[in-house]
Amino acid sequence: MNTSTVDPSEIAKFEAMAAEWWDLNGKFKPLHMLNPCRLDYITSQIAAEYDRDLDASLPFEGLRILDIGCGGGLLSEPMARLGADVVGADAAGGNIPVAQVHAVQSGLTIDYRHTTAEAMAEAGEQFDVVLNMEVVEHVADPLAYLTACQTLLKPGGLMVCSTINRNPKSFMMAIIGAEHIMRWLPKGTHEWNKFITPDELFELISNAGLNPVDRKGFVFNPIAWSWSLSDRDLSVNYVTASTKPS
C-alpha cells in the first residue's frame, strides 16, 4: 500500500481521539459547531455542479462521493441521507469502527474503509465528488496527496477542500485559542508551519490538475457562538471548490 503522504504522527493524534467523534461536547466539539456551515457550502457546490434540487427528497441520488479523512463520519452521514453512494476513507484505522457503528445506529449504508487516497487511486476508484476537509494540513506531501485526489475524480468531477490559513491570526485562533485557551483540541493537534494560505492551495490544486473555481472563509462569531461563510474573510478557516477538466 502506497502511504507516501501519510504522516504517522498525525494519524496517531486522531487515533487517540477516535472514540469521541460523536460526543457533541468532546474533543471534536469545534467540528460539530462548524459542520452546518461546512454542509451548507458542500451541498450548494454539489447542487450547482450537478444541477440538483436540494429541496428534492434525495437530491444526490446517483452521485458517488468520497469523504477522504472521514473520521467518525460527520460528513459521510449527511451525504448518505441526501441519497449519495458514499465511501468514507481514513488512514487512522481507529476511526473506522466508530464510523461503522454510528452509521448502523443511524440506519445508513456507508462504505467505510481504512485506506489512503493513494491506495484508492492506484486501485482505479473514481468518484463524482471528493470531500477533502481539514486533511491537507496533516499530510506529509500536499501536492502528491492532492494529485491522488485529482486521480480519484471522474472527468468533470468536483473536489471541495478546506484547510487553515497560515498567518499570525491563525496561530492565535487555531493554536493558542482552540488548543490552549478554549481547549477545544488537544495541544499539538495542529502545526502552524503546515497551514496553507489560500493562494498556495490554489496553486497546489492547479498543479495537481484541477481548476479552482471558488473559495470562501469559515468565520467564527464569538458573540453569536456560531460559524458563517464569508466571501472576504479567509484569514483562518477557509474552503475551496475545484473541478476536474472533462
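Predicted model: local features only at pLDDT ≥ 70, side-chain atom pairs only at ≥ 80, totals over all residues.
Contact here means heavy atoms within 4.5 Å. I also took helices (H or I, at least four residues) and strands (E, at least two) as DSSP runs, numbered from the N terminus.

Residues are numbered from 1 along each chain as its sequence is written, and side-chain values use heavy atoms, with hydrogens and water left out.

**Helix H8.** Next I looked at H8, where Pro198, Leu201, Leu204 and Ile205 are buried. Viewed down the axis of H8, these buried residues fall within an arc of 120°, so they line one face of the helix. I took the arc from the directions that run from the helix axis to the C-beta atoms. Asp199, Glu203 and Asn207 are exposed on the other side of H8. The cover over the buried residues of H8 includes H6, strand S5 (153-164), S6 and strand S8 (237-243). Just past H8, I found Gly209 with a positive phi of about 100°.

**Aromatic pairs.** A pair of aromatic rings is described by the distance of the centres and the angle of the planes. My cut-offs: rings of Phe, Tyr and Trp (its six-membered ring) pair if their centres lie within 6.5 Å, with planes under 30 degrees apart stacked, over 60 edge-to-face and the rest tilted. How many aromatic pairs does a search of the whole structure find? It finds 4. The rings of Trp21 and Phe28 have centres 3.7 Å apart and planes at 5°, so I logged that pair as stacked. Trp21 is buried at a relative accessible area of 6%, and Phe28 is buried too, at 3%.

The rings of Phe171 and Trp192 have centres 6.2 Å apart and planes at 90°, so this pair is edge-to-face. The pair links distant parts of the chain, 21 residues apart: Phe171 is in helix H7 (residues 168-181), and Trp192 is in the loop between H7 and helix H8 (198-207). Phe171 is partly exposed, with 34% relative accessible area, and Trp192 is partly exposed at 32%.

I also found Phe220, Trp225 and Trp227 linked into a cluster by ring pairs.

**Charge over a ring.** What sits over the ring of Phe202? It is the charged end of Arg215, 4.6 Å from the ring centre. The test I used wants NZ of Lys or CZ of Arg within 6 Å of the ring centre and within 35 degrees of the ring normal.

**Positive phi.** Most residues other than glycine have a negative phi. I wrote down two with positive values. Phi of Glu134 is near 55°; Glu134 lies in the loop between strand S4 (127-133) and helix H6 (142-152) and is buried, at 17%. Trp225 lies in the loop between strand S6 (211-221) and strand S7 (226-230) and is partly exposed, at 39%.

Which residues does the UniProt annotation "binding site" cover? According to the unreviewed entry, they are Arg38, Gly69, Asp90 and Met133. UniProt positions are in the numbering used here, feature names are shortened, and annotations may be inferred rather than shown by experiment.

I checked Gly69 in the loop between strand S1 (64-68) and helix H3 (76-81), and Gly69 is partly exposed at 32%. Neighbours within four places in sequence aside, Gly69 contacts Ala89, Asp90 and Val135.

Asp90 lies in strand S2 (residues 85-90) and is buried, at 8%. A polar atom of the Asp90 side chain lies 2.7 Å from the backbone nitrogen of Gly71.

**Ser230.** Last entry: Ser230 is in strand S7 and is buried, at 17%. A polar atom of the Ser230 side chain lies 2.9 Å from the backbone nitrogen of Asp233. Beyond residues up to four places away in sequence, Ser230 touches Lys216, Gly217 and Val219.

Methods:
Buried < 20%, exposed > 50% of the residue type's maximum accessible area, 1.4 Å probe, protein only. Polar contact = N/O pair within 3.5 Å; in protein donor to acceptor, adjacent residues only side chain to side chain.
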